[in-house]
Amino acid sequence: MSNNNGKAGSVKQYISIFWEFFKVGIFTIGGGMAMIPQIQQVVVKDKKWLKEEDMLDCIAVSQSMPGVIAINSATYIGNRMKGVKGALAATIGVVAPSFIIIILAVTFLGAIGENKYILGAFTGVKAAVCGLIAVTAVRLAKQSLVSVFQWILAVISFVAIGVFGITAIWAIIAGAAAGIIYNSIRFRNSGHLKDDVNKKKGSTCERNDGKSGEAEK
Amino acid sequence: MMYLYLFAMFFRIGLFSFGGGLAMLPLIFQSVQDFGVMSSQEFSDLVALSQVTPGPVAVNAATYVGFNYSGILGSFVATLGVCLPSFVIMLIVMKFIEKFNDSKGIQGAFVGIRPVTIGMIAAAAIFVSESVLVNGSLISMKLFTGGVEFFNFIPIAMFAVTIVLVGVFKMRPIRVMILMGIAGAFLCG
């Protein structure tokens, strides 16, 4: 009995993963980053499938690996939740809208690209995506950056990528190197690694980092 | 046999797609032309269609080329091809990360990677704004010398309204996008 319930429950969860990613797919307009505000809202806030840190890791890994970013992220999140089957549900979900819409568009609306209302609607959605990404970035910064070191890294990365056009993967590699060096120095000085382990688990009660972060404000 | 070609072609596109978005179109065009299944007219139709359809450009292209080539089965094969590299690579990489997750190196790396990712997301707002909020590159002298024509005021207003709706009133992302889509159809159309 309980086995059956478990099965039904997990089928329901696969459907839920599929459906949430289907919605994400519909509104991925203006590049892969357009997914992030929605993923943050649904996957992190509403459903609590992932923690904020996990989402950031997901974005970093998705950007650093070859492949289609939307599919990389869907695979990451689905796999994190429910293994390979979860990854499959999320990936099919995020791809399905494109697939269906392109086929419908080619079949029924040869000249969809010339329709000025549709073009206008896309301009509107992209303007919204721009604002959504900005708000999400600020929210993530407030919630996830817990030390002066991390704030500095975030600002450098923003300027390097946004202003100087550095490719994201180089910024991520540089960030990884900086993090490893920083952590090993801290580890040597304080003698316990636990501080940074706590950070990963989303703990806010960090001694050193919490203090320095507040001192800055 | 031709389905195998289609699959292999988009598998390669998926595998070598880095950075994503419209930056992938040249690679797609080149590969598709090598296989001789697409005219430049079709390609420019695809570019136009990608601008007004949601979803990853690579997936849109795969579905489009596959469909023109041999209907729904063709689009299925091409889309499967373009998705598979992402899917497999991510599963392998995640296995690898999980395996070494407790190592000091990986944990330290993510302490540095997370802030960089946040900076990257913020930078994405700049990229999306280009050719939507402003005509051209935002980070340029045009910001000062471009005059009124450089700025698209209606989208800028929508951008500002979005920030208020989401930042202050906590409106949900999809609702804001639908709202601005409708507003854009009338105001920007």
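A salt bridge here is a side-chain nitrogen of Lys or Arg within 4 Å of a carboxyl oxygen of Asp or Glu. With that in hand, take A:Asp57, which forms a salt bridge with B:Arg114, the closest N and O atoms being 2.8 Å apart. This pair crosses between chains, running from helix H3 (residues 52-64) of chain A to helix H5 of chain B. Helices here are DSSP runs (H or I, at least four residues), strands are DSSP runs too (E, at least two), and both are numbered from the N terminus. Both A:Asp57 and B:Arg114 are buried, where buried means under 20% relative accessible area, exposed means over 50%, and partly exposed is in between (1.4 Å probe, protein chains only).

A word on what you're looking at: this is a predicted model, in which local features need pLDDT of at least 70 and side-chain atom pairs count only at pLDDT 80 or more, while totals for chains, interfaces and linings use all residues. Residues are numbered from 1 along each chain as its sequence is written, chains are lettered from A and ligands numbered from 1 in the order in which they are written, and side-chain values use heavy atoms, with hydrogens and water left out.

Let's get our bearings in chain A. It has nine helices and zero strands. Of the 217 residues in chain A, 53% are buried. Contact means heavy atoms within 4.5 Å, and among the contacts in chain A between residues at least 6 apart in sequence, 57% join residues at least 24 apart.

Now for the place where the chains meet. Chain B puts 84 residues into the contact, and chain A puts in 101. The area buried between them is about 8,200 Å², with carbon and sulfur atoms giving 80% of it; buried area is the accessible area (1.4 Å probe) that two parts lose on being put together, summed over both. There are also eleven residue pairs in polar contact between chain B and chain A, both residues being at pLDDT 80 or more. A polar contact is a pair of N or O atoms within 3.5 Å; within protein, one must be able to donate a hydrogen and the other to accept it, and residues adjacent in sequence count only if both atoms are side-chain atoms.

On the side of chain B that touches chain A, the elements giving two or more residues include helix H1 (2-15), helix H4 (57-99) and helix H5 (104-129) of chain B. H5(B) gives the largest share, 25 residues. Sorted by type, the residues on this side of chain B come to 54 nonpolar, 25 polar and five charged. In that sorting, Ala, Val, Leu, Ile, Met, Phe, Trp, Tyr, Cys and Pro count as nonpolar, Asp, Glu, Lys and Arg as charged, and the others, Gly among them, as polar.

What about the salt bridges across this interface? The rule finds two of them between chain B and chain A. Besides the pair we began with, B:Arg172 and A:Asp46 meet in a salt bridge (2.5 Å, N to O). That pair goes from the loop between H7 and H8 of chain B to helix H2 (residues 35-46) of chain A. B:Arg172 counts as partly exposed at 29% relative accessibility, and A:Asp46 counts as partly exposed at 37%.

Which residues touch the most other members of the largest nonpolar core? They are A:Ile77, B:Phe10 and B:Ile121, in a core of 101 residues. H4(B) supplies the largest share of this core, 16 residues. A nonpolar core is a set of buried Ala, Val, Leu, Ile, Met, Phe, Trp, Tyr and Cys residues joined through side-chain atoms within 4.5 Å. Leaving out residues up to four places away in sequence, B:Ile121 touches A:Met33, A:Ile36, A:Leu56, A:Ile59, A:Ile133, A:Ala137 and A:Leu140.

Over in helix H7 of chain B sits B:Thr162, which is buried because its relative accessible area is 0%. Among the residues that B:Thr162 touches are A:Ala128, A:Gly131 and A:Leu132, along with B:Val176 and B:Met180.

Finally, back to chain A. The side chains of A:Glu20 and A:Lys23 meet in a salt bridge (3.4 Å, N to O). These two are three residues apart in helix H1 (residues 2-26) of chain A, so about one helical turn separates them. A:Glu20 counts as buried at 9% relative accessibility, whereas A:Lys23 is partly exposed at 25%. A:Glu20, A:Lys23 and A:Lys47 are linked in a network of salt bridges. Over all chains, the rule counts five salt bridges.
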